[in-house]
Amino acid sequence: MTEWLCPSATCACCRLTECTLLSSRRYLTRTAGEREGDVSSSPALAAPWHRRVPTAGTQSRPSPSPSPPTFVNLPHDRHLQPPGVVLLGVEAEEGPALLGGQAEGGQEVHVVDSQKLHADLVGHAGHLPSLAHQQQTYARFTGAPLKVHRVTSPWRSPSGHLPALRTRDEGIISKPQQIITHLRKQKYNADYDLSATQSADTLAFVSLLEEKLLPVLIHTFWVDAKNYVEHTRKWYAETIPFPLNFFLPNAMHKRHLERLQLIWGDDYMEDEEKLEKELYREARECLTLLSQRLGSQKFFFGDSPASLDALVFSRLAPLLKAKLPNGKLQQHLKSLQNLCNYCTSILSLYFPWDGGDPLTGVPRAAGTDGSEAEEDPHKRRKQLLSVLVGLVAMLGYAFLSGIVSIQRGSVGPAGRQPITLEEEEEEEEE
Amino acid sequence: MSLVAEAFVTQLAAAEPWPENAALYQQLKEEQILLSDNASSLAVQAFLQMCNLPVRVICRANAEYMSPSGKVPFIHVGNQVVSELGPIVQFVKAKGHSLSDGLDEVQKAEMKAYMELVNNMLLTAELYLQWCDDVTVEEITHPRYGSPYPWPLNRILSYQKQWEVRRKMKAIGWAGKTLEQVLEDVDQCCHALSQRLGTQPYFFNKHPTELDALVFGHLFTILTTQLITDELSEKVKNYSNLTAFCRRIEQQYFEGHDKDSSAIAARSSKRPLLR
């Protein structure tokens with residue numbers, strides 16, 4: 001396997017661990033082949049921020065250590081997808097500079113026009129903790145230079161909805177499917193290598209997932225009373241800033257409930273047992289079918305990931321990692337060993353730094369001022385707010401209980417009783 | 001139904017052989033039935049034909065209300081009533097007839113996935129076309145849907161159903177789509193089916209399965225139903241192996257069955273069978 005060094009100054013994986021992102025040569029050749037005019041015999045011309053490091057060539061950067069990427073193991077009580085979205089990727093302006101700087105290496109490198117895709121992916125754990133994940137995962141599979149902004153409220157998103165992709169040319173794209181279509185148009189296509197039958201299979205399995213599994217997942221996370229109260233709502237309330245955390249989770253809960261009611265009809269919603277039995281059984285069957293289709297392969301279509309893998313991973317990973325009190329579906333998933341291994345291997349390969357605490361880990365690692373600045377105003381604002389509230393409360397109590405009173409425009413402190421008395425006497429005299 | 005009761009019923013179902021007087025209920029063929037319901041009904045008929053199980057087709061104006069799940073078609077076998085293709089397949093399997101026994105696990109997974117694809121894309125596109133496209137709604141759907149009932153009941157029922165379907169479309173995200181996008185999705189779906197079928201006679205080579213029945217039901221109905229425009233059927237006609245597939249199944253399972261020949265006749269016009 002060719003080892004690739006990620007040269008990006010802002011890439012979290014390099015910052016953290018000096019790691020190398022291992023990718024197969026075939027994958028890189030494929031993404032290289034997609035760019036018109038950039039095709040050359042050397043597979044080094046792949047995604048703009050992945051460069052080949054020739055083992056025997058001269059390099060302007062220190063050669064990478066051949067050790068496998070080090071990453072923190074996901075502790076099991078961590079939520080997989082942080083409720084914000086991680087900022088990562090390369091600013092378009094930096095890309096060419098970096099590439100240009102390293103052009104002295106033995107390889108001839110075309111400066112790929114990454115200006116085209118100055119894209120910011122903005123999202124948080126929107127409807128399910130995985131929606132942003134799918135686009136992110138897809139972007140990571142294809143090596144698209146995407147800068148991901150972590151925001152914790154939809155008001156900060158450019159389009160008002162999450163996830164949202166802000167591109168240089170085409171404005172803001174908000175629908176999840178359109179985001180992937182846009183990436184494809186920009187020649188970041190993870191399905192390039194698939195045969196016609198495999199593409200057809202992709203469409204079919206996507207439909208299967210969306211019909212059978214997704215509604216039940218929504219039910220598990222958002223509608224099932226125990227799970228919602230003890231896990232989902234608490235998680236969102238903790239991370240969404242004041243004052244949104246009071247009503248946003250509830251609003252999302254209502255929206256999901258309504259959606260499920262429309263999809264399933266009223267008699268399923270009312271009859272818990274029937275729902276449990278039939279729909280969960282179908283969801284379990286769907287998981288089993290996925291497991292059978294995957295078999296012992298690394299990805300669904302051979303050795304390199306495709307868009308189906310992005311989707312399956314984004315759906316299964318939260319289910320696998322979340323700590324749900326009512327976790328029948330989760331247990332079934334855990335019993336399917338190959339799917340569990342599949343999820344953890346994708347995690348370790350493509351999301352190596354998400355192991356730590358997402359909120360504190362990423363600002364350190366990403367190193368962009370943008371995300372740090374985003375964290376600080378929150379903290380400062382919260383501190384300010386709490387001090388203000390405390391002050392107002394104290395003053396209000398002081399006034400109301402008469403410890404402090406305003407007389408003739410002067411505020412007397414609590415201890416100066418004689419002066420107050422004198423003033424009162426003066427009043428009485430007058 | 002509790003688990004025990006259902007097991008009991010399944011046992012009962014398995015115990016009895018398929019009766020001669022099994023009946024399939026759908027709406028009135030000539031005046032009332034709509035594109036999506038016709039497709040579903042034809043799929044079930046094709047499936048039962050493939051299993052060699054005789055069934056009579058009975059048309060009733062209130063079939064939708066008789067059905068236990070609110071969807072047509074439903075079959076009345078012995079003293080059991082089962083609706084929709086999925087549960088019917090399972091019911092028939094409990095009686096000992098199955099088309100997909102010879103498939104291995106991976107193929108079964110693919111079959112289920114493709115059936116979901118057809119349901120997700122083709123059926124939803126049909127529903128969209130007949131309930132969300134204003135021209136079609138005004139000229140075809142409203143007159144047909146309420147035709148057995150007197151005014152004003154016919155209008156009320158049509159509007160009620162339309163409102164329900166539109167809400168569902170919004171819930172699954174199809175309300176924002178334009179007709180072109182929907183036709184694009186149909187094209188994608190047909191492309192996928194065509195790729196999967198390739199040059200084989202059936203989707204899983206030698207023998208038909210429920211997937212073949214379902215695909216036949218939908219594609220045949222699309223091809224032989226006259227709507228406002230021919231765009232939908234043109235999309236399907238682009239794929240010659242799919243039209244050949246429909247013709248083949250029609251010839252093999254439907255021709256020569258007089259009682260079923262009317263099920264194949266075009267819905268809103270007496271169009272000849274597939275050319």
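The exercises below, each with a worked solution, concern a predicted model.

In this model, local features need pLDDT of at least 70 and side-chain atom pairs count only at pLDDT 80 or more, while totals for chains, interfaces and linings use all residues. Residues are numbered from 1 along each chain as its sequence is written, chains are lettered from A and ligands numbered from 1 in the order in which they are written, and side-chain values use heavy atoms, without hydrogens and water.

**Exercise 1.** Find how far helix 2 of chain B reaches from its first C-alpha to its last, and state how many of its residues are buried.

Solution. Helices are DSSP runs (H or I, at least four residues), numbered from the N terminus.
- Helix 2 of chain B covers residues 35-50, which is 16 residues.
- The expected span is 1.5 Å times one less than the number of residues. For this helix 22 Å is expected, and the helix reaches 22 Å.
- Buried means under 20% relative accessible area, exposed over 50%, and partly exposed in between (1.4 Å probe, protein chains only). In helix 2 of chain B, 16 of 16 residues are buried.
- Just after this helix, B:Asn52 has a positive phi of about 65 degrees.

**Exercise 2.** Classify the ring pair A:Phe300 and A:Tyr342, then the pair B:Phe216 and B:Phe254.

Solution. Rings of Phe, Tyr and Trp (its six-membered ring) pair if their centres lie within 6.5 Å; planes under 30 degrees apart are stacked, over 60 edge-to-face, and the rest tilted.
- Over all chains, the structure holds eight aromatic pairs.
- The centres of A:Phe300 and A:Tyr342 are 5.6 Å apart and the planes stand at 80 degrees, so this pair is edge-to-face.
- A:Phe300 lies in the loop between helix 10 and helix 11 of chain A, and A:Tyr342 in helix 13 of chain A, so the pair ties together parts 42 residues apart in sequence. Both residues are buried.
- For B:Phe216 and B:Phe254, the centres are 5.5 Å apart and the planes at 20 degrees, so the pair is stacked.
- B:Phe216 is in helix 9 of chain B and B:Phe254 in helix 11 of chain B, 38 residues apart.
- B:Phe216 is buried because its relative accessibility is 0%; B:Phe254, at 1%, is also buried.

**Exercise 3.** Is A:Phe399 buried or exposed, or in between?

Solution.
- A:Phe399 is in helix 15 of chain A.
- Its relative accessible area is 39%, so A:Phe399 is partly exposed.

How values were computed: Helix = DSSP H or I, 4+ residues; strand = E, 2+ residues; numbered from the N terminus.
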